[in-house]
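I opened my notebook to jot down what I could look up here. Let me put the structure on the page before I start.

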Amino acid sequence: MDFVLNFPFFSIMICMLAALSTFMLGKRAAAVVAKAAVFITLILSIVLTVYLHECGESFVYMMGHFPAPWGNEIRAGELEGIMAVFTCVISLLSLTAGSASIRNEIDESKQNLYYLITCLMEASLLALIYTNDIFTGYVFIEINTIAGCGLIMIKNSGRAIASAIRYMVVSLVGSGLFLIGTTLMYSVTGHLLMENIHESVMGLVADGSYDVTLTVITALMTVGLSIKSGLFPFHLWIPDAYSRSVAPSSSMLSGMVSKGYIFLLIKIIYRVIGFDVYKASGVFNIIFIAGIAAMIMGSVSAIRSKYLRRMTAYSSVSQIGYIFMGIGIANDAGAVAAIFHIITHGLTKSLLFLAASSFTGKKEDIKISDLKGMGHKYPLSAATFTAAALSIVGFPLFAGFVAKMLLANASFTEGWKMYAAISAIAVSTILNVVYFFRCIINLYAYGGFDGKDENNGTLDLKSDTLIVTGYERAIHAVSISALAVLNICIGVAPKLLSDIITKGLNVFD
Amino acid sequence: MFEQIYDHFNDIIAAILFVIGFSNLLFQKNLIKKIIGLNIMDVAIFLLLASQGYISGRLAPILTDGSENAATYINPIPSGLVLTGIVVSVSVTALMLSMTIRLYRKYKTLDLDEILMKVSEESKVEDSSDTIVKISDDKDGQEREGVK
Amino acid sequence: MSLNGKDKKRYYTVYRIAGALLVLILAASLIFCMFDLPGLFSADHPGENVVAERYIENGIEETGAVNFVAGMILDYRAFDTFGESNVLFAATICVMVLLLSQKPSNGKERCRKDTDTAEDVVSETTEIEEIEPLIARNDVILKTVAKFAIPFILIFGIYVILNGHLSPGGGFSGGAIVGSGFILSSVAFGFERMEIFLNKKSAGIITFVSLLIYCLAKSYSFFTGANHLESGIPLGTPGNILSSGLILILNICVGLVVACTMYSFFSLLRRGKI
């Protein structure tokens, strides 16, 4: 067995150990340890992905001394590898770009706990990505939920806690549904491991027994996971949670936490229930319609909102709609497009939140009309914000364009879904243009800013500006430019990424 | 019909309990009642799991009289899953309760709708007077030293 | 919140109706499903397959644990259980973030928009002072009963932890019993008595060390297992206290973590510090 195959296990354990050790460390050491752990994990994931891309296979890894149906297992293929790389990139860049926000907005004695929660969340996301067992999936979903709640409420204001409790209630409804789905699945098939469940499900479908129960299980798991990722009728917690937490939290929550659940859902569709059985149950159509509704309603709400971060959060709702629409198209190309959009949206949305943190300063949120002149005060943040906005709108040369094109292409073979998908993408794109261009125009408009930076790095109690040291400013600039460059790279050369996803999806079942 | 109900007695009770807990979690305004609903929901799932593993006439899965025959004992897997579920439920309950305590201290009410209303009013106030900066020693009334 | 009052009201009505429909659909489909499930308490349940069979028939040779459930959760499916103790850890951290009171930062006036006014702080403090005497008051019955009960509770908890692989129980249940003993003692004799040996620092160290041992031990066994190496951990004679390899150590670690967590949940919810 090649040593490389240990890397998924190493990445989970390194993040767990880092989480544990930050518990005993001070804030500075904790920051270093957390970033180092995520960085090592990133390197490991890249090496693993390259290795798997070359051999083009997937493998299972025994967690313990016992083989398949008895012990726990994790599984890795190209798709898992690229997802792991993606989560590591987002959490690493969020931590580096957000270090000023973390230092300024979180209570001093609790900053190490912030890094702890981040590491735990990274570990749980990796476990969710690699898991090959639905009950393990459930346990790590709960860690993810609790860590997400910690990321929201660590700001410790009443408003942040109120939005955290709302998030928690909605998430718990989702995990309750997922758990009872898992329980029913166990009672029908007698297994918890994905491959064995798949075998039993195939047997049950051939027998024709339990057909209603299987449909109900499918629906319960799908609804549970889509509630947790904030699909349209259940999106009400998103704007509050994203706009009231600190900038790196919003970036991680919108970029990766909700995406972990979607990835698990894709895994369940392909590896647990089976694509054909899932398609026969008709749940794809529900996902498709909910996705389209989310695309439109999210954009409409974003246009109505007057605040920058709240608007960005609503835009997340609509982008999650795109992803679910891609899954709901119900063919392989649709799933590829959905996973591609998971990655592009993660990169763009975290860039939007991180760049916006320069404009908001210490304030929770900023009115879009107050953005006037910010483009001249913070040129780099404004430029990257514009790049990310163009990417979300779907401007050619940016990653978002490729994602939208893949989504539209995937729908061509699917009859009525083609018309619905293409018109929804068109309408949603126009709405996106409306609200993002309003921001960009405001950013570069003159007025509001008188030309000099009053408190450059100095401590000014009466001001809302963040107290930023030169190092933090530099690292913020590097991180957001890295995100923007990644975005453009994917937009210019999408072939590699889409190849990896396609090949990874092919070895999925 | 009665035969069938008798055959699936625990399962049906579990389903009813689950729905009761679920609707409490969704519709109750009071946060404590929401948490109770959450616990009812979890207990329903544990009941369902535990009754999936139980087989009449068999023993608990602990070696008795040296018998290593699988037909002597009930299925150990659901028991383990219930254990995991209980721990998750305890953690989540503690977290929800502590958030409730903080919200109650700040807004003096347990009604979630009222809390959200107060929160949005608070944002509006802040919105209209952007320059007001409150000065205080501590955040959110956390100063509870020197008690006793 | 860009909605005005009337919009909001309409919105809530829609939400309620949609929610009621959802609950009705859920209830109908769940109850329908339940009739479809394999019958209760019968031996031809799908769960009665090779998996459960091996856990019981080979459990003792492979894990050394007489309690098959302990063998299952701490050896066969150890990754789940590892995740589970991390759920507990994550929840403890979040409760600490929420409720741990900080010392006022040495007179330096900080200014933020999210803080409460000084008035709020004062009213909250008085409220807590009103409750606090209830705990510290001199209750003879409680104290006498606690004096007799606590040693037994603690010994029973330790017994349950140490015999986790031999009899019903294990780290989680035993830890909860020990934790309840701590809670009883702090209720009867006041928090100061407990603080002598279980304060923020020691609880933190105990949790950290136990979880670290847990993490390292399990990493070792996952690594050797996946690479098909011999783990070299002796299983001992089944039925003895010192047997079943890592399970005893893991049970002790989990027990310590759970005991500290239960006590710190109580203490944090009660008065905002450990």
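Predicted model: local features only at pLDDT ≥ 70, side-chain atom pairs only at ≥ 80, totals over all residues.

**Two helices in chain A**

I began with a pair of helices, and H11(A) and H14(A) cross in a right-handed way. Residues are numbered from 1 along each chain as its sequence is written, and chains are lettered from A and ligands numbered from 1 in the order in which they are written.

Helix H11 of chain A covers residues 247-273 and helix H14 of chain A covers residues 308-328; they pack at an angle of about 15°, with axes 12 Å apart. I noted that helices are DSSP runs of H or I with at least four residues, strands are runs of E with at least two, and both are numbered from the N terminus. Axes are lines fitted to C-alpha atoms, for helices over the stretch in contact, and angles run from 0 to 180 degrees between N-to-C directions.

Because of that angle, H11(A) is roughly parallel to H14(A) (angles under 35 degrees get that label).

Which residues of H11(A) and H14(A) make the contact? From H11(A) I listed A:Ser250, A:Ser254, A:Ser258, A:Ile262 and A:Ile266, and from H14(A) A:Arg309, A:Ser316, A:Ile320, A:Ile323 and A:Ile327. (Contact means C-beta atoms, placed from the backbone, within 7 Å.) By class, the residues of this contact are five nonpolar, four polar and one charged. (Nonpolar covers Ala, Val, Leu, Ile, Met, Phe, Trp, Tyr, Cys and Pro; charged covers Asp, Glu, Lys and Arg; the others, Gly among them, are polar.)

**Where chain B meets chain A**

Next I checked the contact between these chains, which takes 31 residues from chain B and 26 residues from chain A. H4(B) gives the most to chain B's side, with twelve residues. I sorted that side too: 21 nonpolar, four polar and six charged residues.

**A glycine in chain C**

Chain C has eleven helices and one strand, and buried residues make up 42% of its 274 residues. I picked C:Gly59, found in helix H3 (residues 59-63) of chain C.

Is C:Gly59 buried or exposed? C:Gly59 counts as buried because it has 28 C-beta neighbours inside 10 Å. (Buried takes 20 or more other C-beta atoms within 10 Å, exposed 12 or fewer, partly exposed in between, with C-beta atoms placed from the backbone.) Leaving out residues up to four places away in sequence, C:Gly59 touches C:Ala65, C:Phe68 and C:Gly71.

Terms used: Contact = placed C-beta atoms within 7 Å. Parallel < 35°, antiparallel > 145°, perpendicular 65-115°, else oblique. Left-handed = near helix turned anticlockwise from the far one by under 90°.
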